[in-house]
Amino acid sequence: MSAPSATRSSRVPIWATSFGPQIVAGLILGVVLGLIARSMPDAADGSDNWLVGTVATIGSSYVKLLTVAVVPLVFTAIVSSIANLRQVANAARLAVQTLLWFAITAFIAVIIGIVIGLVAQPGSRTGVEATEAKDPSSVGSWWSFLTGLVPNNFLALGSKTSVATEVVDGTATSTATTSLSFNILQLLVVAAAIGIAALKIGEKAEPFLTFNASLLAIVQKVLWWIIRLAPIGTAALIANAVATYGWDAIGSLGVFTVAIYVGLAIVFFVVYPIIVRAHGLSVCQFFSGVWPATQLGFVSRSSIGTLPLTERVTERNLGVPREYASFAVPLGATTKMDGCAAIYPAIAAIFVAQFYGVSLTFTDYLLIVVVSVIGSAATAGTTGATVMLTLTLSTLGLPLAGVGLLLAVEPIVDMGRTAVNVTGQALVPTIVAKREGILDEVRYNSPRNGDPFSDDEDADPPAAREPQLSS
């Protein structure tokens, strides 16, 4: 009996192997590396120094790894979730409740944004010049959203070609570069259609559903390997942000930046806790459960890139049934954006109106609310905040060039926006599951073991159980 005891005593401390502390360590290391990189001189040819280039490459590579895993995860998870819902009597009610709470939280967030914009008057306290304004590269529209629901192809794959012209010794040479991307909203439509069709076919579809379930298990295992690299990715991403932007970019847009973060903080630290507590759940347990995804969202600035981790903590930490979480979380990652689609466009629209001396009426403020509550889906699969802001400005008749005024602080405010987005994307499924009586509260209230993302069922809390999705 003494040997096992000796083995346990020689192990690495639990805090050193726990995911949460590793992420915090990555954040701290990233800040240190970023400050060092920022103090180093640029290369002889004027390009970034080697440290900036290194952290930028590592950070972007990690986000690419997460993004690559999103497509097979969303497809297999949606098909499996629909197949597993065949024995559920309240599946339609779950979907309606999810969309309803998306709208409720967006409504609260946009009201907070409007109030802060009116109080802070960010457009009246700025040092930027009108000459700094330029038209945005992408513009949102209601028609684009509707047509965007229709998949371009089976894989919802899109392409974008850019042409760069370089003049060497008087000779112009043009180089075309094509990049591929997936529209997640269209992928949701494709996966949902296949899942529903499989249900309608019945027994003949069982081999396909079995294969899909096996593929999902494989994808989740690969995801676990990628997620284990999160501390390294976090250090690189935050280092690149500090080295590239620092705090100098805030400059004359300080009031606007502070106003955005005040709004985000109110939603994150006040609104969300109130909603959680109003449903009889522990606020501390919610934040400790969702925190890994919140942190990764902050440094990656990508709800889609954080999607695999958001879905995992929603299931494993917060106790939302996998069959429901695998549907609600991907849907939220494309349409549930309290930061990008509610707080930010509200304050930014007021900023642009004040900057150009345009008086907004009560009707205009109502339009901001309407656009934020029902228009966030128009940002799906795109750069959410920019597209959402252009959609809001065009609806109000404000100059789209106002978007260019805010580009200097875009990366800085985007970190906070994404962190709030990701947290809200885990909050709504948790609340809906609680209201429908399918939340595994034993799992929700269990102590975090520091390793909540392992695919081994043995890693789950001993008392945890898979709740039944039935009414």
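Residues 49-78 are 97% helix and 0% strand, with end C-alpha atoms that lie 44 Å apart, where helices are DSSP runs of H or I of at least four residues and strands are runs of E of at least two, numbered from the N terminus. This is a predicted model, in which local features need pLDDT of at least 70, side-chain atom pairs count only at pLDDT 80 or more, and totals for chains, interfaces and linings use all residues. Residues are numbered from 1 along each chain as its sequence is written, and side-chain values use heavy atoms, leaving out hydrogens and water.

The span 49-78 is among those that an unreviewed UniProt entry lists as "transmembrane region", although such annotations may be inferred rather than shown by experiment.

Helix H14 (residues 339-355) packs against helix H15 (residues 362-374) at an angle of about 150 degrees, with the axes 9 Å apart; axes are lines fitted to C-alpha atoms over the stretch in contact, and angles run from 0 to 180 degrees between N-to-C directions. That makes H14 roughly antiparallel to H15, a term for angles over 145 degrees, just as angles under 35 count as roughly parallel. Contact, meaning heavy atoms within 4.5 Å, involves residues including Ala-341 and Pro-345 of H14 and Tyr-365 of H15.

Helix H5 (residues 91-120) and helix H13 (residues 322-335) cross at roughly 30 degrees, their axes coming within 11 Å, and are therefore roughly parallel to each other. Among the residues that meet here are Leu-94 and Phe-102 in H5 and Tyr-324 and Leu-331 in H13.

How values were computed. Parallel < 35°, antiparallel > 145°, perpendicular 65-115°, else oblique.
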